[in-house]
Amino acid sequence: MANPSLLILPGDGIGPEVMTEVRKIIGWFDSRRGIAFDVSEGLVGGAAYDAHGTPLTDETMERAQAADAVLLGAVGGPKYDVLDFSVKPERGLLRLRKEMDLFANLRPAQCFDALADFSSLKPEVVAGLDIMIVRELTGGVYFGEPRGIFTEGNERVGINTQRYSESEIARVARAAFELARKRGNKLCSMEKANVMESGVLWREVVQKIGDEEYPDVALSHMYADNGAMQLVRWPKQFDVIVTDNLFGDILSDCAAMLTGSLGMLPSASLGAPMANGRPKALYEPVHGSAPDIAGQGKANPIACVLSFAMALRYSFDLGDEATRLESAVQSVLADGVRTPDLIPTGQPGTPVTTAQMGDAIVAALEASL
Ligand code: IPM
Ligand code: MG
């Protein structure tokens, strides 16, 4: 049987350097665990724009549709700020999400023991934190019509539309309930039902699915602004959170920072199952392209490495190997190996480079055998 296929899209900024480390790890699983992928690479974001004048070619889009999983680095950079909206690097990523119909975006926020002191919150508030934000990814104000900048009288108005159908809400709600069942059986849904009709519908649909299909899962609802406050007040009250595209964008950055570093967090974007039973899937770090440190060996590859671990778990049914990789990362951190982002300003410590962090993770994997 052919090996499962993995399409790698390193993208911009630090994307290529963190992906180089992931490829070391993919190589390790191949040579030491007999887990082989048919790996190919493509361009996305500014890199694709530079080469082809578009942030994602149709050819790359087709390869992404056909792949068993896509692993993406990061997109964007100041150089592209002047571009028209339609060809900005971010459009490449949004097209992948939309055309692959990746409606459920899983963003774990997990606090590594070795880094509890590193959070801007008190260690006791974040130690042991393990929450999962399920962000709706293909609807809402990111894609709703009408949208645009229009002229009304003698001025312009910018318009975006928040729009959710019952079926869009229902499918992401089910994905979140299923995850809650595999974790602490607790789900909190966040919207703004106090001011938005889309929020009223969101709450109704989630409640109905909970009542009818998941009575065993403890469901609660919260306004998203309160949710943001509760996340920094006492994050451990949450297990799984489900929310819409824009609130999820914001709340997941907030949750990510609780853990100490945005450079640590992976994500999975999942769609409906393909013919082979695997979900359509794209894995990417939560962090961006960090153009200010690109090409200097300063980037933390852990978020991208952990995104590959999520691929092992959610696309390839290799949960044990995913755990092996996550444990390797834990042990490297416990040993004090730190990229610059993991050393608080003004504190002593000798940082390692991106490549040294990758090598340390490979060594920890080797030690796990
Ligand atoms: C994210 C990012 C993206 C988003 C950008 C790069 C389009 O912030 O994945 O959270 O807004 O969804
Ligand atoms: Mg974001």
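This text walks through the salt bridges of a predicted model, then turns to its backbone details.

Start with the charged pairs. The count of salt bridges comes to 22.

Arg23 and Glu41 come first. Their side chains meet in a salt bridge at 2.7 Å, N to O. Arg23 sits in helix α1, residues 15-33, and Glu41 in strand β2, residues 38-41. The two residues are 18 apart, and the pair links distant parts of the chain. How accessible are the partners? Arg23 has 35% relative accessibility, so it counts as partly exposed. Glu41 is at 40% and also counts as partly exposed.

Next, look at Asp68 and Arg278. Their side chains form a salt bridge at 3.2 Å, N to O. Asp68 lies in the loop between α3 (58-66) and β3 (69-74), while Arg278 lies in the loop between β11 (266-273) and β12 (279-285). The pair therefore ties together parts that are 210 residues apart in sequence. Arg278 is partly exposed, with a relative accessible area of 23%.

Now move to strand β12 itself. Glu284 lies in this strand, and its partner Arg97 lies in helix α4, residues 89-99. The side chains of Glu284 and Arg97 meet in a salt bridge at 3.3 Å, N to O. Because of these positions, the pair ties together parts that are 187 residues apart in sequence. Both Glu284 and Arg97 are buried.

Salt bridges can also join into a network. Glu21, Lys24 and Asp359 are linked in this way.

Turn now to the backbone. Which peptide bond is cis, with omega near 0°? The bond from Glu145 to Pro146 is. Pro146 belongs to strand β6, residues 144-152.

Asp101 is not a glycine, yet its phi is positive, at about 55°. Asp101 is placed in the loop between α4 and β4 (104-110). Asp101 has a relative accessible area of 33%, so it is partly exposed.

Asp317 also has a positive phi, about 60°, although it is not a glycine. Its place is the loop between α10 (302-314) and α11 (319-334). Asp317 is exposed, because its relative accessible area of 72% is over the 50% cut-off.

Key: Residues numbered from 1 in each chain as written. Chains lettered and ligands numbered in written order. Predicted model: local features only at pLDDT ≥ 70, side-chain atom pairs only at ≥ 80, totals over all residues. Heavy atoms only, no water. Salt bridge = Lys/Arg side-chain N within 4 Å of Asp/Glu carboxyl O. Helix = DSSP H or I, 4+ residues; strand = E, 2+ residues; numbered from the N terminus. Buried < 20%, exposed > 50% of the residue type's maximum accessible area, 1.4 Å probe, protein only.
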